[in-house]
Amino acid sequence: SRRDPRIRSGAALARASVRVRTPTDRDAGVRRDTRLLLVARLFMSAAQAAASVALPLALIHAGMRASGIGTVLALTMFVGLVKTMFVGGFADRGHLRVFLVILPLTFVVSAVPFVTQAGVVVLAAAAIFGGYGGGQGATAGGTGPYQPAEYGWIGRNYSDVERNRFVGIFS
């Protein structure tokens, strides 16, 4: 009774499934696109921190009352939540690069009214759209809608071991 060579023993299957090497496992360093993603995350986090301090001051300077500022901040959080759910759903379907480019651009575009000293309504709309003032889930370790796209990208481009390392770095 000869065994079929295509059938492996349990031990051979276990050895084969322990580690699947991918091209990203061979380079111990960080890939260029991951470095760019990390630098973008650094700049976005710094900009969001500065914006969360500057937003109430800009709205006060534009003449908004405290209750209006609270409403803007609450709407910013709500819109951030909706955007995070939207991006997470589409990122799971493979549209990662689009969101990794568009989300930082919305943040930059929504800064224009603050630079041009627009009216209070335009400033409030820009803050809500851009996620200023701590919105968009911008807390320690999180950048709101950017995070699901970022983590999805890491998950698709790195092995399990490397993924854990990069999620730790990005957190």
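A residue counts as buried when its relative accessible area is under 20%. By that cut-off, 33% of the 171 residues of the protein are buried. Keep in mind that this is a predicted model.

**Stop 1: the whole chain**

Show the cartoon. You will see nine helices and zero strands. Read along the sequence, the pattern is α-α-α-α-α-α-α-α-α. The protein exposes about 10,400 Å². Carbon and sulfur atoms supply 67% of that area.

**Stop 2: colour by confidence**

Colour by pLDDT. The protein averages 76, and 76% of the residues score at least 70. Select residues 120-130 next. This is helix α7, where confidence is highest, at a mean of 88. Jump to residues 23-26, helix α2. Here confidence is lowest, at a mean of 46. Where pLDDT is low, the predicted coordinates should not be read in detail.

**Stop 3: S110**

Select S110. Which loop holds S110? S110 lies in the loop between α5 (96-109) and α6 (112-115). Is S110 buried or exposed? Its relative accessible area is 3%, so S110 is buried. Now show side chains. The side chain of S110 reaches the backbone oxygen of T106 at 2.9 Å. Leave out residues up to four places away in sequence, and S110 touches A126, F129, G130 and Y132. Of these contacts, find A126 and F129 to start.

**Stop 4: the largest pocket**

Rolling a probe the size of a water molecule over the atoms shows where empty space is left. The largest pocket has a volume of about 240 Å³. To see the lining, select D33, L36, L37, A40, G94, L96, R97, L100, W153, R156 and N157. Which elements give two or more residues to this lining? They are α3 (32-61), α5 and α8 (146-157).

Technical notes: Residues are numbered from 1 along each chain as its sequence is written. This is a predicted model: local features need pLDDT of at least 70, side-chain atom pairs count only at pLDDT 80 or more; totals for chains, interfaces and linings use all residues. Side-chain values use heavy atoms; hydrogens and water are left out. pLDDT is the predictor's confidence in each residue, from 0 to 100. Helices (H or I, at least four residues) and strands (E, at least two) are DSSP runs, numbered from the N terminus. Buried means under 20% relative accessible area, exposed over 50%, partly exposed in between (1.4 Å probe, protein chains only). A polar contact is a pair of N or O atoms within 3.5 Å; within protein, one must be able to donate a hydrogen and the other to accept it, and residues adjacent in sequence count only if both atoms are side-chain atoms. Contact means heavy atoms within 4.5 Å. Accessible areas come from the Shrake-Rupley method with a 1.4 Å probe; for residues, only the protein chains shown count as cover. On a 1 Å grid over the protein atoms alone, a cavity is a set of points where a 1.4 Å probe fits but cannot get out, and a pocket is an open set with protein on both sides within 12 Å along at least five of seven lines; lining residues have an atom within 4 Å of a point. Grid points are joined across faces, edges and corners, and a volume is the space filled by probe spheres set on the points.
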